[in-house]
Amino acid sequence: MQNNVRPDNMQRINTTELANAFIDEQVKGIRAQVGKEKVLLALSGGVDSSVVAALLIKAIGKQLVCVHVNHGLMRKDESEQVIEVFGKSLDANLVYVDATDRFLSLLEGVADPEKKRKIIGGEFIKVFDEEAAKLDGISFLAQGTIYPDILESIKAKESGKPVKSHHNVGGLPDEMQMQLVEPIKLLFKDEVRVVGEALGLPHAMVYRQPFPGPGLGVRCLGAITRDRLNALREADAILREEFDKNGLAEKVWQYFISIPDFKSVGVRNEARYEGWPAIIRAVNTVDAMSATIEEIPYPLLHHITKRITSEVEGINRVLLDLTPKPVGTIEWE
């Protein structure tokens, strides 16, 4: 599986037996590709990079160096969780890089979503190149690229335009010094989860909420500002907490909040109050190529709205996105 085209005769990986066969094939392929060299893994802590990490650990063990970059666009407490799980529980070779100021400075004033993705993707590679330069024998970069990332980044023949580029597909610079290792790039998300469970990863990790590579950067719509980013992070944490409390965390495939770059008039403490709207999106899908809307009980929506508008500074409205994919995409940007 060295190209970006999924063979027509490739079986859907939907059983443990097929997953184990895939794992055996990839372990052999990784060992043949890497040899005795070291591999640098872009570890976000999400499903895709976690499965890649488990595959690489099975194939090459301590030759793997995991690098977690906090670009300042992570969900609340997420980097801390990555350090706890991978650095301590799984005893991985973990390098933590706090590059918050570096990324946010580059993104200042950039409103176009494609430009944001390119900046984030390009800067990721620069960070990894810098970390690789500090280590001996790093020749490979591993990524959690999956097949929908590739499909959405390929230009549609009809329009000549991509649906959207993914930072791990469209943001890689031509001069990158490391070779890529992408063992799950021909898998759909549901297949990645089956492989993850076959590898013995914890259920909670395998079914963790999907999170885009650019993180909250594509949910803080338009040009990113630190105050709106902080509001987004807090509102998103409330949404995830309430979904977990009410049994929706595993029922809904992906749920999150986006905040656009405009304000509306509201009232707080009997005075005029201008704030941003928080847009709730909750979708279900199998392969991420299409998605349906999850119906959220109105009492829960009212409770979430009350919490967000009273607890999060800068937000005065909560909206609900009811658009399936297509015509919308799962993310707003």
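How do the residues of the lining of the second largest cavity divide into nonpolar, polar and charged? I counted two nonpolar, three polar and three charged. (Ala, Val, Leu, Ile, Met, Phe, Trp, Tyr, Cys and Pro count as nonpolar, Asp, Glu, Lys and Arg as charged, and the others, Gly among them, as polar.)

Ground rules first. This is a predicted model: local features need pLDDT of at least 70, side-chain atom pairs count only at pLDDT 80 or more, and totals for chains, interfaces and linings use all residues. Residues are numbered from 1 along each chain as its sequence is written, and side-chain values use heavy atoms, without hydrogens and water.

My search of the whole structure gave two cavities of 30 Å³ or more. On a 1 Å grid over the protein atoms alone, a cavity is a set of points where a 1.4 Å probe fits but cannot get out; a pocket is an open set with protein on both sides within 12 Å along at least five of seven lines; lining residues have an atom within 4 Å of a point. Grid points are joined across faces, edges and corners, and a volume is the space filled by probe spheres set on the points. The second largest cavity holds about 40 Å³. S44, G46, M74, R75, E78, R208, Q209 and F211 line it.

The largest pocket comes to about 420 Å³. I found 16 lining residues, with R208, Q209, R240, A249 and Y255 closest to the centre. The lining divides into five nonpolar, three polar and eight charged. Helix 10 (226-245) gives the largest share, three residues. (Helices, H or I of at least four residues, and strands, E of at least two, are DSSP runs numbered from the N terminus.)

I read an open sheet of five strands, order 3-2-1-4-5, with parallel pairing. (Pairing takes at least two DSSP bridges.) Strand 3 (94-98) and strand 5 (179-181) are at the edges with a single partner strand each, so one side of each lacks a neighbour in the sheet. Five bridges join strand 2 (residues 64-70) to strand 3. H68 has Y96 as its bridge partner in strand 3.

**Helix pair.** Helix 1 (residues 16-34) packs on helix 2 (residues 47-60) at about 65°, axes 9 Å apart. (Axes are lines fitted to C-alpha atoms, for helices over the stretch in contact; angles run from 0 to 180 degrees between N-to-C directions.) Among the contact residues are F22 and I30 of helix 1 and L55 and I60 of helix 2. (Contact means heavy atoms within 4.5 Å.) I noted nine nonpolar, one polar and two charged residues in this contact.
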